[in-house]
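Q: I would like to learn how to read a structure like this one feature by feature. Could you take me through it slowly, with the general idea before each case?

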Amino acid sequence: MLKKSRMTSGKFENIPKNMLFKNIHVVDNSQKLNGRKSVVLKNGKIEDILENPPDSFNGEIWEEEGLVLMPGLFDMHVHFREPGREDEETLETGSFTAANGGFTGVACMPNTEPAIDTQEVVSFICEETKEYLVDVYPVAAITKKREGKELAPIAEMVEAGAIAISDDGSPVMNAEIMRRALEYSKMFNIPILGHEEDSNLSKNRHMHEGYYSTKLGIQGIPSLSEEIMVARDIMLTEFTGGRFHVCHISSKGSVELVRQAKAKGLNVTCEVTPHHFTLTDEAVESYDTNTKMNPPLRSEEDRLGIIEGLKDGTIDVIATDHAPHSIEEKEAEYIYAPFGITGLETAVGLIISQLLNKKVLGLKDIYDRCVKMPREILNIEVPKIKSGELANLTLFNLKVNWIYKENFSFSKSQNTPFKEHTLSGKGVCVINNGKIFKSPSIQ
Amino acid sequence: MRFKDGHLLGLEYVDREDIDLILKTAASFREVLERPIKKVPTLQGKTVVNLFFENSTRTRISFELAEKRLSADSVNFSSSTSSVKKGETLLDTARNIEAMKIDMVVIRHQSPGAPNFLAENLDANIINAGDGAHEHPTQALLDMMTILEKHETIDGLRVAIIGDISHSRVALSNIHGLLKMGAKVTLCGPATLIPREIEKLGVDVCYHIDDVLSSVDVINVLRIQLERQEGGLFPSLREYHNYFGITKARLDKLAKPITIMHPGPINRGVEISSDVADSEHSLILNQVTNGVAIRMAVLYLLAGGENINA
């Protein structure tokens with residue numbers, strides 16, 4: 001394994017002894033909190049939740065119009081590229097990027113080089129990140145080398161700290177292997193995070209198949225390539241009694257399939273990325289390779305289906321699929337550029353701009369999609385805003401309108417279609433594991 | 001309008017007025033091509049790079065000739081493999097060439113949008129000579145110029161484009177150009193080679209060749225590539241020929257003759273039979289001649305030339 005980069009300029013500071021979040025909006029559904037409160041932290045623990053702020057306070061005070069305090073946001077789908085592509089992101093730079101975006105926990109996907117398909121790699125990630133502010137949980141591969149052929153040592157990897165299995169980036173094309181993986185993973189009560197794509201329908205294709213692919217002359221990936229696999233894996237889940245989670249759902253039809261599976265009472269959940277609820281294939285008209293990701297940006301009809309799925313709770317989780325790529329790789333012809341965009345630092349802004357401000361979701365729903373459900377799916381304890389609890393908190397500001405620029409970012413890669421986009425809402429600071437990270441202010 | 005921005009990236013970005021101007025200018029250059037001395041000093045001192053990332057003998061020669069007829073200095077860069085595979089990005093290649101102080105880039109590339117990418121990153125005028133299955137604007141312009149040799153106007157004309165629409169840059173450029181000029185456009189080919197939602201561009205789709213032939217004035221027959229059969233998109237070239245091939249027997253059944261075009265190179269006996277390709281109604285060789293005139297017109301206008309008819 002390569003020695004990792006230490007070039008980051010980020011800093012996790014020790015949390016001040018006394019902190020007061022004064023008269024700000026506090027949300028924690030588990031504590032039935034959704035309104036103005038004052039929260040006192042002492043030595044990294046939540047000391048008190050008060051109706052009215054104390055008359056005097058000796059310590060750090062946060063007080064500003066638009067601030068919201070929630071238990072720490074969790075992104076269950078990131079690519080930190082370590083081991084193997086430390087030029088694009090490392091566990092460390094990825095963690096700063098997550099913190100800067102308002103997340104206190106992430107699950108990192110196994111398509112590294114080598115893949116997270118052995119106990120050693122799982123242990124390496126857990127060991128490297130144990131002192132971080134951001135909790136980093138490895139997702140292990142379903143199959144060896146993510147080739148979809150033979151099961152990886154799942155039990156060993158779970159023992160070492162893997163919280164789920166996935167061949168993310170590639171589908172498990174063989175239904176027999178998927179069936180066995182669902183059966184085997186039942187023993188550990190871990191979910192399979194499914195990258196749903198029939199590669200026969202998607203091979204050598206570069207964007208969503210529809211009007212825009214036709215007009216742009218780019219061979220398209222039909223929504224069907226996802227839907228067929230979602231349907232198959234829901235059937236396998238029903239047959240095996242396993243736990244199945246659809247990664248980065250992108251089509252209206254897939255959302256409907258998950259809706260039906262839930263109505264049947266199956267153990268099926270799903271996530272959506274901010275770019276899939278924000279953009280459509282129309283964005284590809286620019287031929288900007290930062291509009292190229294897998295699954296691709298789909299039609300407006302699909303986007304509206306996703307919005308509907310977020311509203312009615314069919315979509316459980318918002319996850320970024322943060323996928324850093326080097327500028328050399330992305331600054332290429334559209335059909336040669338790799339799939340994937342970064343997402344951690346624009347997520348909160350897109351959630352507030354596209355969902356909260358457009359009344360798709362309320363703050364309570366955002367708590368469910370970004371705090372509670374990702375952790376529940378991964379069997380991770382959900383942090384609470386309750387006196388006596390260790391502080392695991394995200395503070396964000398709803399009222400900040402800002403323009404995303406490269407110099408804001410802590411990521412090693414800048415492959416985002418939201419460069420120079422105006423966003424409403426921004427992470428302000430995160431607290432976890434006795435540490436605090438303050439996002440640079442935007443002026 | 002990209003044309004007025006100094007580039008010709010595709011006919012989607014060009015308006016009817018500009019298409020008219022190019023066609024008129026090309027008609028004047030066509031006269032030059034009939035002279036004993038086929039050269040004018042119009043682009044003296046200008047340097048054009050022909051950047052070809054894909055094999056294309058005829059389009060490259062056509063551009064080269066157009067450049068030479070206009071007295072431009074031209075250089076060729078050909079690479080059948082992508083620059084990416086050599087480790088150099090397209091942008092690096094293009095920036096290097098631009099650093100040699102050139103004025104125009106003619107680019108042929110496998111990736112749709114490669115000319116748009118260069119236009120955004122270079123100062124030179126960019127001419128798209130075919131980008132993947134996206135556009136091939138000079139081909140569509142020369143097709144329209146050729147139509148005008150037989151027909152007074154394109155407005156109201158019924159034109160069919162026949163063959164592999166899904167993988168054809170010629171089809172898309174023709175669709176944009178013909179629709180802007182007022183033609184009624186019908187696409188015909190196997191359902192596996194007609195891309196989804198193409199009707200939204202304003203064209204009709206029909207899978208039955210005889211119905212199409214009996215209801216149009218002009219057909220533009222596209223080349224069928226063997227690799228499409230290998231990709232499972234149709235069963236065999238024989239079956240393709242039997243159901244979509246343009247044959248004398250099919251044309252003899254029509255009430256009146258129709259104009260026949262093909263962007264070349266033709267697969268005789270596949271999409272078109274030899275007797276049709278060589279018939280008096282076939283304008284295939286006129287297309288080739290007009291290609292040089294159209295490319296001269298585009299180079300001339302992009303270099304800042306005025307309407308030479310004015």
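This is a predicted model: local features need pLDDT of at least 70, side-chain atom pairs count only at pLDDT 80 or more; totals for chains, interfaces and linings use all residues.

Q: In which sense do strand 1 and strand 3 of chain B pair, and over how many bridges?
A: Two strands are said to pair if DSSP finds at least two bridges between them, and the elements themselves are DSSP runs numbered from the N terminus, helices being H or I with at least four residues and strands being E with at least two. Strand 1 (residues 47-52) and strand 3 (residues 104-109) of chain B are paired in the parallel sense, over five bridges.

Q: What is the order of the strands in the open sheet of chain B, and which are the edge strands?
A: The sheet has four strands in the order 2-1-3-4, with parallel pairing. Strand 2 (73-78) and strand 4 of chain B are the edge strands, each pairing on one side only. On average, neighbouring strands are turned by 15 degrees against each other, with direction ignored.

Q: Which strands does helix 4 of chain B touch?
A: Helix 4 (residues 114-121) of chain B packs on the sheet and touches strand 3 and strand 4 of chain B, and its direction makes about 165 degrees with that of strand 4. Such angles run from 0 to 180 degrees between N-to-C directions, with axes fitted as lines to C-alpha atoms, for helices over the stretch in contact.

Q: How should I read a pair of helices, and at what angle do helix 8 and helix 10 of chain A cross?
A: Two packed helices are described by the angle between their axes and the distance between the axes. The axes of helix 8 (residues 252-263) and helix 10 (residues 300-311) of chain A come within 7 Å and cross at roughly 30 degrees. Helix 8 and helix 10 of chain A are therefore roughly parallel to each other, given that angles under 35 degrees count as roughly parallel, over 145 as roughly antiparallel, 65 to 115 as roughly perpendicular and the rest as oblique.

Q: Which residues of helix 8 of chain A meet helix 10 of chain A?
A: A contact requires C-beta atoms, placed from the backbone, to lie within 7 Å. By that criterion A:Lys252, A:Val255 and A:Arg259 of helix 8 meet A:Glu301, A:Asp302, A:Gly305, A:Ile306 and A:Gly309 of helix 10.

Q: How many residues of helix 12 of chain A are buried?
A: A residue is buried if 20 or more other C-beta atoms lie within 10 Å of its own, exposed if 12 or fewer, and partly exposed in between, the C-beta atoms being placed from the backbone. Helix 12 (residues 347-356) of chain A is mostly covered, with eight of its 10 residues buried, among them A:Leu350, A:Ile351 and A:Gln354.

Q: Where do A:Asn189 and A:Tyr287 lie, and what is phi of each?
A: Most residues other than glycine have a negative phi, and most peptide bonds are trans. Phi of A:Asn189 is near 55 degrees, a positive value, and this residue lies in the loop between helix 4 (175-186) and strand 11 (192-194) of chain A. A:Asn189 is exposed, with 11 other C-beta atoms within 10 Å. Phi of A:Tyr287 is also positive, near 55 degrees, in the loop between helix 9 (274-278) and helix 10 of chain A, but A:Tyr287 counts as buried, with 23 C-beta neighbours inside 10 Å.

Q: Which residues does the cis peptide bond of chain B join?
A: That bond joins B:Gly264 and B:Pro265, with omega about -10 degrees, and B:Pro265 is placed in the loop between strand 9 (259-261) and helix 11 (274-277) of chain B. In chain A, the peptide bond from A:Glu82 to A:Pro83 is cis, with omega near 5 degrees.

Technical notes
Residues are numbered from 1 along each chain as its sequence is written. Chains are lettered from A and ligands numbered from 1 in the order in which they are written. Two residues are in contact if their C-beta atoms, placed from the backbone, lie within 7 Å.
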